[in-house]
Amino acid sequence: MAGRFIRNRDLAFFDTVNKELLGDPKTGKDGVIDQIVHLYKVDAYETETNLYGEASTGKSWSKGIKLACTIEAEDFDFEQTDFGPDLNQNASFNFLRQSLIDQDVVVDIGDYLEWNYAYWAINAVNENQLIGGQFDQNHSVTATAYLTEISSMNIERTRSK
Amino acid sequence: MAVTIWQGSSTFASGQTPYGFYDSDSSFQSDVDKFADWAGRRLGYPIVDIELQSGSFYACFEEAVSEYSAQVNQFNIRDNLLHLQGQSTGSSNDFTHKRIKPNLGNVVNISQQYGAEVGVGGFVDWRKGSIDVVSGSQDYDLNELYASVSHSGEAIEIKKIFHEAVPAVNKYYDPYATTGYGTANFVEGFGFGDYSPATSFVLMPVFEDLLRIQAIEFNEQIRKSQYSFSLINNKLKLFPRPTAAAKLWFEYIVVSDRDNSQSTSYSGSADVISDYSNVPYDNMQYKFINDVGKQWIRKFGLALSKELLGNIRSKFGTVPIPNSDVTMDGETLRSEATTEKEALVAELRETLEQTSRRVMMEADSEEGARLQEKLGKVPLSIYIG
């Protein structure tokens, strides 16, 4: 239910403006910002687990889902270890909630995002942008993620495998 | 609730404009979709979304046509009102797209008021009344004796009092008879002085008659107690003192008849053009507007569309986007649209003023003078006969 001053028509207007800015992969519409990521979710049926329910041989992933969002990436953080320099980076991925609903997707902790030739493991999800303070008008989903090593996943063939 | 916005094309159907003034005009039907397409592109489609619908463009286009019509007709009313006042406001008298012929109606109307004052025309009835004159009494209050009785106390203004001597010409007898006043006086004494004694005649100029009549009247007035009166505030004093009872006639008007600013020449002409508000200029027919006007309409329609888009985009100063917000360009669009609209209206008014009857007559006169000047420099051939 919309508030007194922000009616459904206004919300639809926000939606239109947001999809114009971000892009709408579901309809194939390019956006002004047009930052596209791919979301990978664990395929629970394909992932083999051991006696303890652990995916000891690695996880299987569902097909990636193309999503539009805005991204705020922190600077690279290089750490010197015994094995050489290690690269760390955190980033926030902000999704239009309505786009997720349109694509029937839920972004969860543990999912992976592919962006900027790298994979990002989601470690927190925040839904706290309420339009007009209305809890049923949650506008966005913000996923906080950190850069992960490709070798730790089972998506791409890497030299370590 | 998803609201469909402009998709880049439209198909107009009658009834899709707010007022429907021009919906049945095939030229309008053809142009309105083209306008929507053009205006959408001019606003940035398909590079950016335009938060308008086809109906928005239709409304703007209809308003632009109406605004053009109103501006031109405002000018026409100003230019022609002098010649239109007093004409019927009936639907058969539609001046839209019509050439107005200048006439003297208003000038004549004004002059008729002067005529009414001196009894040679106008819309004010001159009435006739009378009082009874009593022997020996000189003073009579016409307000009391007549206005109160016949007009319930309404103010009357006396125009003429019929209290005069016998015309001087009666004492002059026959101006052609110049054989002597003795004979004439003699005939007059028998009561048939109006009949000409057929004696000899000498043709005299007319001014001779006038001078003679004037001499008789002066004589009556100065040397005798001539018939006269004074009339001040409708209080009548008769001279000389009446020696017999009689009926005194006079002509007068009821003052409210003259002062009635709504009086017309006849009762059937009551519903006439009075002022700017009821001159029968209607919306123009779109098909009759020339391409010059249509270009103005398109540009004004675009400004209206921009203003409408600006209104939509400025309902919220900022629109939320995921984890942030974005400032819309609504205020900029509105500001630009206002400037464009003002400029278009100013340009149109200026153009119209340059085509006013007065300005065109001045230009025509100036052109004639310049032409004369130019012709004056043409060498004249010398005729040798």
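How exposed is Glu340(B), in terms of relative accessibility? At 27%, Glu340(B) counts as partly exposed; buried means under 20% relative accessible area, exposed over 50%, and partly exposed in between (1.4 Å probe, protein chains only).

This is a predicted model, in which local features need pLDDT of at least 70, side-chain atom pairs count only at pLDDT 80 or more, and totals for chains, interfaces and linings use all residues. Residues are numbered from 1 along each chain as its sequence is written, chains are lettered from A and ligands numbered from 1 in the order in which they are written, and side-chain values use heavy atoms, leaving out hydrogens and water.

**Barrel of chain A**

- Six strands of chain A form a closed barrel in the order 1-2-5-8-7-6, with antiparallel pairing. Neighbouring strands of this sheet are turned by 45 degrees against each other on average, direction ignored.
- Strands (E, at least two residues) and helices (H or I, at least four) are DSSP runs, numbered from the N terminus. Two strands pair if DSSP finds at least two bridges between them.
- Strand 5 (residues 90-96) and strand 8 (residues 140-148) of chain A run antiparallel and are joined by seven bridges. Asn94(A) stands opposite Thr142(A) of strand 8.
- Helix 1 (residues 8-22) of chain A lies across strands 1, 2 and 5 of that chain. Its angle to strand 5 is about 135 degrees. Contact means heavy atoms within 4.5 Å. Axes are lines fitted to C-alpha atoms, for helices over the stretch in contact, and angles run from 0 to 180 degrees between N-to-C directions.

**A bent helix in chain B**

- Helix 2 (residues 54-84) of chain B bends by about 40 degrees at Arg78(B). The bend is the angle between axes fitted to the seven residues ending at a residue and the seven starting there.
- Gly86(B) follows helix 2 of chain B and has a positive phi, near 95 degrees.

**Salt bridges**

- Over all chains, the structure holds 30 salt bridges. Each is a side-chain nitrogen of Lys or Arg within 4 Å of a carboxyl oxygen of Asp or Glu.
- Lys306(B) is buried, at 12% relative accessible area. Lys306(B) bridges to Glu336(B) at 3.1 Å, N to O, and to Glu340(B) at 2.9 Å. The Lys306(B)-Glu340(B) pair links helix 9 to helix 10 of chain B, 34 residues apart.
- Glu373(B) and Arg370(B) form a salt bridge at 3.8 Å, N to O. Both sit in helix 11 (residues 357-375) of chain B, three residues and about one helical turn apart.
- Glu117(B), Glu157(B), Lys159(B), Arg258(B) and Asp259(B) are linked in a salt-bridge network.
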